[in-house]
Amino acid sequence: MIEEFYEVLRRRRDVRAEFTGEPVDDEVLHRVLEAAHSAPSVGLTQPWDFVLVENTRTRTVFRDHVLAEREVFAASLPEERRETFAPIKIEGILSSSLGVVVTYDPSRGAPDVLGRHAIADAGLYSVCLAIQNLWLAATAEGLGVGWVSFYREDFLRELLGIPEDVRPVAWLCVGPVKALQDIPDLERHGWRQRRPLSAATHRERFRTPPSRSEREEASR
């Protein structure tokens, strides 16, 4: 049982190109959303909402906006990085079964939000926990999830009628997949490599990596 849990963690991928487009069973979708809704939240505020988007026209409008933002990002890159970025697919908006837009309402439970007085972003962190729960549950159910982040929040807010004081945190592409990649897309395409756990682990105090000049001095 424990090994199965860790296997889900290892298999989870940010899916772009592997969606089949087949519908998601209603009971499966309910279980996945229930897992997201069971996430811990600061002050038990549950500051998230889930907007399910299946309409093809809505998804096409959003896809076109995302691709335009992709061009904006590509234009900002130096030539070498632009060439590396070129084959990387950033979305599966139309090929997935549906979009799940996860929002954050900072007014939920306000003004007396237990645990948020010193860390204003604690509510946003709670929404991210709900997203992670959704992602892991979907992976366990054999579904793929892809987080689309190439968009302007005001555009998505207007597209879906999200209130001005509610923040759209993520558009998640969700649906059955042909398979999940063994190696994450950005690693496969050479965009970036993972850091080893040892480089991210500190004991007692944060350890700043030595600068280049310090490394050179130490090697003499």
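The structure is a predicted model, in which local features need pLDDT of at least 70 and side-chain atom pairs count only at pLDDT 80 or more, while totals for chains, interfaces and linings use all residues. Residues are numbered from 1 along each chain as its sequence is written, and side-chain values use heavy atoms, with hydrogens and water left out.

Starting with the overall layout, the chain holds nine helices and four strands, taken as DSSP runs numbered from the N terminus (helices are H or I, at least four residues; strands are E, at least two). Their order along the sequence is α-α-β-α-α-β-α-β-α-β-α-α-α. The C-alpha trace spans about 65 × 45 × 40 Å along its principal axes. Of the 220 residues, 38% count as buried, where buried means under 20% relative accessible area, exposed means over 50% and partly exposed falls in between (1.4 Å probe, protein chains only).

Next comes the empty space. Rolling a probe the size of a water molecule over the atoms shows where such space is left. A pocket here is an open set of points on a 1 Å grid over the protein atoms alone, where a 1.4 Å probe fits, with protein on both sides within 12 Å along at least five of seven lines; lining residues have an atom within 4 Å of a point. The largest pocket has about 460 Å³ of space, a volume being what is filled by probe spheres set on grid points that are joined across faces, edges and corners. Its lining is made up of 27 residues, and Asp14, Arg16, Ile88, Asp185 and Leu186 sit nearest the centre. Helix α7 (residues 185-188) supplies the largest share of that lining, at three residues. By type, the lining of the largest pocket splits into 13 nonpolar, three polar and 11 charged residues.

On to the charged pairs. Side chains of opposite charge can pair when their charged atoms come close. The whole structure has 13 salt bridges, each defined as a side-chain nitrogen of Lys or Arg within 4 Å of a carboxyl oxygen of Asp or Glu. In helix α6 (residues 153-160), Arg157 and Asp154 are three residues apart, so about one helical turn separates them. Their side chains form a salt bridge at 2.6 Å, N to O. Arg157 is buried at 9% relative accessible area, whereas Asp154 is exposed at 54%.

Asp105 is buried at 12% relative accessibility, while Arg108 is partly exposed at 25%. A polar atom of the Arg116 side chain does lie 2.9 Å from the backbone oxygen of Pro106.

Finally, the backbone. Most residues other than glycine have a negative phi, and most peptide bonds are trans. The Ala110 to Pro111 peptide bond is cis, with omega near 5°, and Pro111 belongs to the loop between β2 and α5. Leu44 has a positive phi, near 50°; this residue lies in the loop between α2 (26-37) and β1 (48-53) and is exposed at 70% relative accessibility. Glu204 has a positive phi too, near 70°. Glu204 is placed in the loop between α8 and α9 (212-218) and is exposed at 84%. Leu197, in helix α8 (residues 197-200), is exposed at 67%.

Key: Nonpolar A, V, L, I, M, F, W, Y, C, P; charged D, E, K, R; others polar. Polar contact = N/O pair within 3.5 Å; in protein donor to acceptor, adjacent residues only side chain to side chain.
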